[in-house]
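The points are numbered and may be read in order.

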Amino acid sequence: MAVRSAERLRAAEEVVAQLRDGLGVVAVTLPSLRVDVVTLASEAAPYPLVDMGRCNLDTALRLAAVLQGLKP
């Protein structure tokens, strides 16, 4: 089980890094972006959760503006 958890953690860390890099391209930083390590303890879920955390109003507005720009 330790190997499986390690693989899940690596996958989640990779996604967090990709999110951080992608958001950085559009000048959005989510300071609390991280892997929720508590969810690694559960074998019920195939992967741990990614905690996108809390952010201030300025960051939320920038993120909303970026997402609005992606609408078709």
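In which strand is the place of valine 35? Valine 35 is found in strand β1. The points that follow refer to a predicted model.

1. Apart from neighbours within four places in sequence, valine 35 is in contact with Leu9, Ala12, Glu13, Val16, Pro48 and Leu49. Valine 15 lies 20 residues from valine 35 in sequence, and the C-alpha to C-alpha separation of these two residues is 9.0 Å.

2. Valine 35 also belongs to the largest nonpolar core. This core has seven residues in all: Ala12, Val16, Leu23, Val28, Leu30, Leu33 and Val35. The element that gives the most to this core is α1, with three residues.

3. Valine 16, another member of the core, deserves a separate remark. With residues up to four places away in sequence not counted, valine 16 touches Leu33, Arg34, Val35 and Val50. Among these, Leu33 and Val35 are themselves part of the largest nonpolar core.

4. Attention may now turn to charged side chains. How many salt bridges does the count come to? The count is two. In one of them, the side chains of aspartate 51 and arginine 34 meet at 3.0 Å, N to O. Aspartate 51 lies in strand β2 (residues 50-51) and arginine 34 in strand β1 (residues 34-35), so this pair ties together parts that are 17 residues apart in sequence. Aspartate 51 is partly exposed, at 24% relative accessible area; arginine 34 is likewise partly exposed, at 39%.

5. A salt bridge also joins the side chains of aspartate 58 and arginine 62, at 2.3 Å, N to O. Both residues belong to helix α2 (residues 57-69), where they are four residues apart, about one turn of the helix. Aspartate 58 has a relative accessible area of 46% and is partly exposed. Arginine 62 also counts as partly exposed, with 28% relative accessibility.

6. Serine 5 is located in helix α1 (residues 2-25). Is serine 5 buried or partly exposed? Its relative accessible area is 21%, and because buried means under 20%, serine 5 is placed in the partly exposed class. Serine 5 and leucine 40 are separated by 35 residues in sequence, while their C-alpha atoms are 6.5 Å apart in space.

Note on methods. Residues numbered from 1 in each chain as written. Predicted model: local features only at pLDDT ≥ 70, side-chain atom pairs only at ≥ 80, totals over all residues. Heavy atoms only, no water. Helix = DSSP H or I, 4+ residues; strand = E, 2+ residues; numbered from the N terminus. Buried < 20%, exposed > 50% of the residue type's maximum accessible area, 1.4 Å probe, protein only. Salt bridge = Lys/Arg side-chain N within 4 Å of Asp/Glu carboxyl O. Core = buried A, V, L, I, M, F, W, Y, C linked by side-chain atoms within 4.5 Å. Contact = heavy atoms within 4.5 Å.
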